Amino acid sequence: MNTSPPRRTELLAAGAATVTVVLWASAFVSIRSAGAAYSPGALALGRLLAGSVVLGAIWAVRREGRPPRAAWRGIAVSGVLWFGFYMVVLNWGEQQVDAGTAALVVNIGPLLIALLGARLLGDAMPPRLLAGMAVSFAGAVTVGLSMSGGGGSSLLGVVLCLLAAVGYAGGVVAQKPALARASALQVTTFGCLVGTVLCLPFAGQLVREAAEAPLSATLNMVYLGVFPTALAFTTWAYALARTTAGRMGATTYAVPALVVLMSWLVLGEVPGAFTLAGGALCLAGVAVSRSRSRRRAEQAAVAEPRSERVP
């Protein structure tokens with residue numbers, strides 16, 4: 001009887017993480033499509049405005065109130081790094097490289113999450129993590145070299161996607177402590193508002209470009225705000241509050257494969273073999289860094305119900 005509630009919580013968290021992964025994968029494709037009509041900053045602001053409206057409405061209906069003061073530091077940092085910086089830089093990067101390549105490079109984020117968690121949250125940093133870092137770095141270099149043959153702009157795109165991964169990882173690590181003090185909806189809503197304020201300097205560009213953009217591009221921008229932002233970031237926060245940052249990062253391993261499939265079906269884009277090989281190295285490095293010996297796995301299985309469950 002005592003194992004039923006934790007099992008139910010685990011299943012709900014897994015379901016929330018699955019929703020997040022699918023919607024975030026679709027975001028790479030929508031960004032690539034909308035980016036033909038909108039500049040990076042304008043697209044980020046439009047997406048955040050749409051997300052803020054939806055999140056704000058839900059927050060008002062649920063009457064959850066403002067987050068406690070202790071949560072604001074994590075909310076502000078995640079809002080700046082993840083909702084603001086990440087979205088602008090990723091939009092820019094996807095104007096230089098295809099959606100699949102962008103997803104492959106950004107997906108070194110889980111490795112960076114583990115590294116930052118070790119540095120800032122006191123998580124262990126085993127030799128496998130260091131080995132995984134080396135493998136993922138080699139993969140990122142391979143992707144960069146494979147794209148640089150088309151000109152400096154493609155190499156720039158890879159660098160921008162790497163910067164986006166850094167912003168994503170920093171946002172996750174900052175968000176985790178905030179979720180111990182505020183609800184997933186509060187953390188997501190106010191983080192989105194922080195990102196929106198940060199992107200307000202792009203308001204003029206958004207107005208000008210929206211007047212000329214085709215309806216499909218504008219609908220893609222609204223979709224990005226409603227689903228991959230408002231819904232997916234909330235389901236992410238819900239799941240993150242019930243597990244570790246590293247484990248949640250591991251759930252995004254499936255994103256690049258889904259993006260490649262979606263971009264092939266929707267955009268007709270498929271990364272080249274050399275690019276895919278580099279992406280595979282990125283994912284292999286992350287997998288190595290998150291693997292653990294049988295002894296450690298058994299110890300974690302015993303300790304996990306107490307140490308990772310959030311009341």
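I found H3 and H8 oblique to each other, because their angle is neither under 35 degrees (roughly parallel), nor over 145 (roughly antiparallel), nor 65 to 115 (roughly perpendicular). The model is predicted; local features need pLDDT of at least 70, side-chain atom pairs 80 or more, while totals for chains, interfaces and linings use all residues. Residues are numbered from 1 along each chain, and side-chain values use heavy atoms, without hydrogens and water.

I looked up the H3 and H8 geometry. Helix H3 (residues 72–93) packs on H8 at about 55°, with the axes 7 Å apart. Axes are lines fitted to C-alpha atoms over the stretch in contact, and angles run from 0 to 180 degrees between N-to-C directions. Helices are DSSP runs (H or I, at least four residues), numbered from the N terminus.

Next I listed the contact (heavy atoms within 4.5 Å). H3 brings residues including Trp72, Phe83 and Phe85, and H8 brings residues including Phe190, Val194 and Leu198.

Then I turned to H10. H8 (residues 184–198) and H10 (residues 215–240) pack at about 135°, axes 8 Å apart. That makes H8 oblique to H10. Ala184, Thr188 and Cys192 of H8 meet Thr229, Phe233, Thr234, Ala237 and Tyr238 of H10.

Last, I checked the length of H8.

Notes:
Helix = DSSP H or I, 4+ residues; strand = E, 2+ residues; numbered from the N terminus.
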